[in-house]
Amino acid sequence: MLIFELSRPGRRSAQLAPAIRENTDDIPERARRVQPPLLPEVSELDAVRHYTRLSQRNFSIDTQFYPLGSCTMKYNPRAAHALAMLPEFLARHPLAPEATGQGFLACLHELQEMLAEITGMAAVSLTPMAGAQGEFAGVAMIRAYHGARGDHARNEIIVPDAAHGTNPASATVCGFKVREVPTTAEGNVDLGALAAAVGPQTAGLMLTNPSTLGVFEAGIVEIQRIVHAAGGLTYYDGANLNAILGKVRPGDMGFDAIHMNLHKTFSTPHGGGGPGAGAVGVSERLAAYLPVPLLGREGGLYRWIGERERPQSIGRLSAFMGNAGVLLRAWVYARMLGREGMARVADFSTLNANYLMARLARIGLPPFFPARRASHEFVVSLKPLKDETGVSAMDVAKCLLDKGFHAPTTYFPALVPECLLIEPTETESKQTLDAFADALAEILDLARRDPQRVKGSPWTLPVRRLDDVRAAREPDLAWNG
């Protein structure tokens, strides 16, 4: 039910009603409404019950296990939310003088320096507003580096075939051609194909490590040698940084640029279209190109560093200096963890992934790369089940909703047929992982006994199967009464 269907003429909530401006003489005639806006007329109780009911229909990390592969849907500690919403933080205007916000600037400066240390990079900028914008910034800095050297022939970015779809998109937006290299049967980048692909046209390589296949690139040292020897730079997609946090640093692997999804690794809010934060780090040779503003410290005082002092910067990516509330949550989370706690993130995310991988293998869902240990996530293929019963990965995913679990990522990476990409994260208990494995075992059994029952899922939710193609092409978003 839409809130408009609850609407009754004349019903009001005095507490929530906006103040009515009587004098409109200074509003131009062309900008004045001809008729009142179409808004629902409901009481406060109607509104509260309506939106509470809607929230109860959502799957969320606060209510269900949410094992989306490569998305790191882990619990967001309430302490981080509470501290980031202290009045002194929450009420600060972004144009307030630096002198009146030294505590706020100190927090972000410390986060900036912690992220540089954690990733092994020379410098970090907090300003990108999301992971995708962080990717854009990283590739834009690579472009600026080659441009400053007059090396304009470098017009290609190399990506593995298992890369996130945002990688080729970011490269294309920055004006590069994209060249794809294949993955071997063991899940690694094909070094022979990479060596054949690089040349004077190579601007760089975009790589996630561990990859979206859930394995650590065994040839990472050789990958770096091949790309750098050809004059290219290497970019680290930080989507899977959770797996190696406190264990190994992308800078030590040889990467020149990195973006960090603070909503994945540093447990800030995730999903719903934002807000986000995609901080970027770089090696020394790219430091001059970092987006501004950056935070500096002089004489014990913190201040913003802008375009005047960083003339080679790729510029500003937002009106001010990044998503302050999200960055503060990341700072609180990092302070709560400390150096030792960060290593435990990698320990437990890897332990949970390998435990769940072993549990699923025992019920007939072996890993797609059986000879490899999982990092923080792993891939299984449901192609044998589909060949046997006609039940697809999407059918199993929908059936999991009936069991009270959000589904893993489906059909990605695309090179794995009938793929489920599963990431349990470090915040889930053994009991939750066992319950998820038991639910999948029940679905596999049902698929063999009554495949149509699985193919018709979900049965218990307010919304059944949607026509995904029609929903994308013909969205019905307007209320017409």
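## The loop between β11 and β12

In this predicted model, Y411 sits in the loop that links β11 to β12 (helices, H or I of at least four residues, and strands, E of at least two, are DSSP runs numbered from the N terminus). Y411 is not a glycine, yet its phi is positive, at about 60°. With 33% relative accessibility, Y411 counts as partly exposed (buried is under 20% relative accessible area, exposed over 50%, partly exposed in between, with a 1.4 Å probe and protein chains only).

P413 belongs to the loop between β11 and β12 too. A cis peptide bond connects F412 to P413, with omega at about 0°.

## The sheet around that loop

Strands β11 and β12 (residues 419–422) run antiparallel and are joined by 2 bridges (strands pair if DSSP finds at least two bridges between them). T410 has L420 of β12 as its bridge partner. The open sheet has 3 strands in the order β10-β12-β11, with antiparallel pairing. Its edge strands, β10 (378–381) and β11 (409–410), each pair on one side only.

Helix α11 (residues 324–362) packs on this sheet and touches β10 and β12, its direction making about 15° with that of β10. Here, contact means heavy atoms within 4.5 Å; axes are lines fitted to C-alpha atoms, for helices over the stretch in contact, and angles run from 0 to 180 degrees between N-to-C directions.

## Other loops to look at

T127 is found in the loop between β1 (123–125) and α5 (131–148). T127 counts as buried because its relative accessibility is 0%. Leaving aside residues up to four places away in sequence, T127 touches several residues, including Q133, P291, L317 and F320.

S267 lies between α10 (262–265) and β7 (280–282), in a loop. Its phi is positive, near 55°, although S267 is a residue other than glycine. S267 is buried, at 1% relative accessible area. Another cis peptide bond, with omega about 5°, joins N209 and P210; P210 is in the loop between β4 (202–207) and α8 (220–229).

## How to read the values

Residue numbers start from 1 along each chain as its sequence is written, and side-chain values use heavy atoms, with hydrogens and water left out. As this is a predicted model, local features need pLDDT of at least 70 and side-chain atom pairs count only at pLDDT 80 or more, while totals for chains, interfaces and linings use all residues.
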